[in-house]
Amino acid sequence: MSEFHAQDNAEQVNVAGDNTGTINVTAIHRAAPPPRPVVISALRRNVSNFVDREREILQILDAVRPDRRESIYTIDGMPGVGKTALATRAAHALAEQFPDGHYFVELHAHTPGHAPANPSDVLARLLACLGVDPRILPESLEARRDMWRDRVGDKRVLLVLDDASGADQIEPLIPSGRHCLTLVTSRRRLLAFDDALPLALDILEPRRAAELFISLTRRLAISMEEQAAVEQIVGLCGYLPLAIVLLAGRLAHHPTWTIAVLAEDFAATRDRLDALALGERAVYAAFAMSYQDLPPQRQQLFRRIGLHPGVDVDAYAAAALGDIPLSNARRELEALYADHLLDETTPGRYRVHDLLRDYARALLSADDPDIRDRAVDRLIEYYQRTATKAAHDVRITRTVVSPIAETDEVVRHLPDRVFHSAPEALKWLRTERPNMLACLDYAARQQSSPAMVITSILANLFELDGPWSEALRLYQRAVISATNLGDRLGQARALHDLGVAHQLTGSYSAAAEFLEPALAIFRELDDRAGEADVRRDLALVRYRTGDYPLAVALLGDALTIYRDLGNRAGEADGLQDLGWVRERMADIPGASSAWTQALAIYRDLDDRRGEAAALQDVGWVRLYVGELPAAAEVLNQALAIYREIGPRSREGTALHDLGWVRQRSGDYPAATELFQQALTIHRALGNRVDEAAALRGLGMVQRRTGDYSSAAGTWAQSLAIHSEIGHRLGVANLLINLGWARQQSGDTSTAVEMLQEALTIHRQIGHRTGEAEALNNLGLTYGHSGDRSTASNSLQQSLDIYREIGNRNGETEVLNDLATLAMNAHDLDTASTRFSDALRLAHDVHSPFEEARAHEGIARCRIESGDFGGGVTELQEAIEIFRRIKVPEANPAAAYLATLEP
């Protein structure tokens, strides 16, 4: 048999050919490998500079309460918003509650130079932390997942998965034990984890952003000037934590730099993203890692959104920019939102962060300039056509706007928005107003052809909602553009619009300067509709300046043209204006007839805004004749319509009119609130005429409630406005109010001067109501000075005018004043008769103040005649009413009653 010899220390092995023999084997004894070390804590270093996330930290801490059901908490947000910092801070705060391990895993979904982490490799590292020998690790992902979950199933483990790409990457890593907690950060909204608690992290609040910047600069003291510079810097950073950290870091490493210089340089830089880079950390790089994961069509839409000049975008605008179907635009916007490259401001509307917009525009430099220009042209065309459709539905423009023909070639290549009601169309115009303004400014900067239709519609919208100064700016731009283009019709319309805007703001001379040439151009072009519209607006200017006969003539011409053209809407508008002129001329039946006709036409046309205006006018007539409940009813109907569809200016005047109703009915707190609401609206609009009118009403409430000093101050403000804008009627009315205030303070001579001036103006402009009011106050002033004869004459003239024009409120007041004058002259029979007449009339017109005055006057007459019982009863009635409406007249009446009680 062959012989074999063992090597080294091995024993000889002899095997016979017949498989017999002896086998001697040397046993080799190796030491067992040492156990794998167990890693309990593997968290990132905690962040020292951490602000403005207390609320979010508390949310996460609350997630680990003993009765919690959720074991996964997802933190998502745009690049650089501070997701990792939040997760790290929360993990350190929670670490003691998870004694079996707390681990931080970088998944590298968006780390430059790193591929996204493979979950199988991550599990190998996690199992190694638990002490598992790598030699016994299973090969498959599923087996490693099961081993991981088995090993931590009964443990208290905290796992942080940072920068996840999606559900597929993190699902195998999540422990299944009910005592474990997983915090996940991602730039994507992890919608697949419907059992997770989501937290979408937003940018910092401005104050907290400034605090973060200051803390990172290591500056010991910050001056007021530097604080303003810090606020500018963090604003330019878009309140994005990463941007703030990078910029503050640059400042911290340059002690010779000042905050003010940095703010100035950063504001002036043309490339903010380039300035926000520090070594490998850069905002641009953070954005790029998100962008590169997008499919090509989504990348293109993201770049195109960077072209949008406005503040936000919806699917229609995105479809126009991207030249894609509306359904595609909706899907792509939702996907960009899920990737935190867009924020959803309201359902269906998205906004891109300022720095992301800069990034998108930087990417656009590689696109074909012609393609970029066509994208913006499509966007502006979409806004122009949709605004035209909305304006037609809402009827906010003076010129009739025709809807776009559906067969138009361009329309078929743009998203077509359909409005189902006028309020819906108006809501769209108001929502898109900032975007359309931005498009107009963009067109001006690019020196391209301005969108004339958008300009006109927006200006009319500003007339509706304010501020009117913005309407003036747009109309001025339209006049210049139309003149430069040689567009005579466009020039006439723009001049007309500009004149109306000046008329609204109370600049009547300027309004006439633009309306007169507009009228001349319309007549030159034989545009009768335009001519009628301008004549109507010129009539309003004449009405405001007190030239009532000329206003009537202009309105008559306009109404004739409207009727010839069959323009019923224009006819209704003209009738409405004519009613106001008739009212100022004290032709109440004529005013009521005109307004009733206008209301019927508006209702036939289903013109709700016109209907509201006519209802408001009818309400004023009801107030004028003392039918207060009926006035309140129709005015509230008008107010409801204005609040639904506008305009805000008419909402303000309806509130103002309701204030007068409440003032007349003695509800002074409600009247004050209504006048204050009206003032807020008028001031926001820049509507100085109605601001002054509301101030006058507020002063009347202050007078009735005994706050005479405040009333005089409020009326002085109103007079100043009326004087400045040349509103003669307003000036005259305020001179009456201030004349009364002077008389109350004992300055009789100045009071008479003011009242005589008011009387002169009212007589010059033919305002009979104002004439009667001036005479009434003159009578009171002469009566207080002891000139009873002149006082009686003035009061009687006032009474005659009020009766002639059917103003029952004024008639009631003057009857009480005449009765008081007779009582002071001891003509008790005359006084008693007039007080009784005033009492009946005050009851009819629902005037509790004048009713109480009449009761008190009757009481004093009876007591003077010896009828103490009847007098006391009347006096008690007067006091009860005075107290109910909370006026100071209650006190002297009660004091007088007290002298009678013995």
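**First stop: M147 and its surroundings**

Select M147, which, apart from its neighbours within four places in sequence, is in contact with L127, V132, I136, L137 and P138; contact means heavy atoms within 4.5 Å. This is a predicted model, in which local features need pLDDT of at least 70 and side-chain atom pairs count only at pLDDT 80 or more, while totals for chains, interfaces and linings use all residues. Residues are numbered from 1 along each chain as its sequence is written, and side-chain values use heavy atoms, with hydrogens and water left out.

Helices (H or I, at least four residues) and strands (E, at least two) are DSSP runs, numbered from the N terminus. Is M147 buried or exposed? M147 is buried, with a relative accessible area of 17%; buried means under 20% relative accessible area, exposed over 50%, and partly exposed in between (1.4 Å probe, protein chains only).

**Second stop: salt bridges**

Next, display charged side chains. A salt bridge is a side-chain nitrogen of Lys or Arg within 4 Å of a carboxyl oxygen of Asp or Glu, and by this rule the count comes to 51.

- Select E771 and R763, a salt bridge whose closest N and O atoms are 3.0 Å apart. E771 is buried at 12% relative accessible area, whereas R763 is partly exposed at 43%.
- Select E811 and R803, also joined by a salt bridge, with the closest N and O atoms 3.0 Å apart. E811 is buried at 14% relative accessibility, and R803 is partly exposed at 44%.
- Select residues 868-884, helix 39, where E880 and R884 lie four residues apart, about one turn of the helix. Their side chains meet in a salt bridge (3.4 Å, N to O). E880 is partly exposed at 41% relative accessibility, as is R884 at 48%.
- Which residues are linked in a network of salt bridges? Select D312, D314, R349, R417 and E432 to display this network.

**Last stop: the whole protein**

Finally, zoom out and colour by secondary structure: the protein has 40 helices and 11 strands. Its C-alpha atoms fill a box of roughly 165 × 80 × 60 Å, taken along the principal axes. Of the 902 residues, 54% count as buried.
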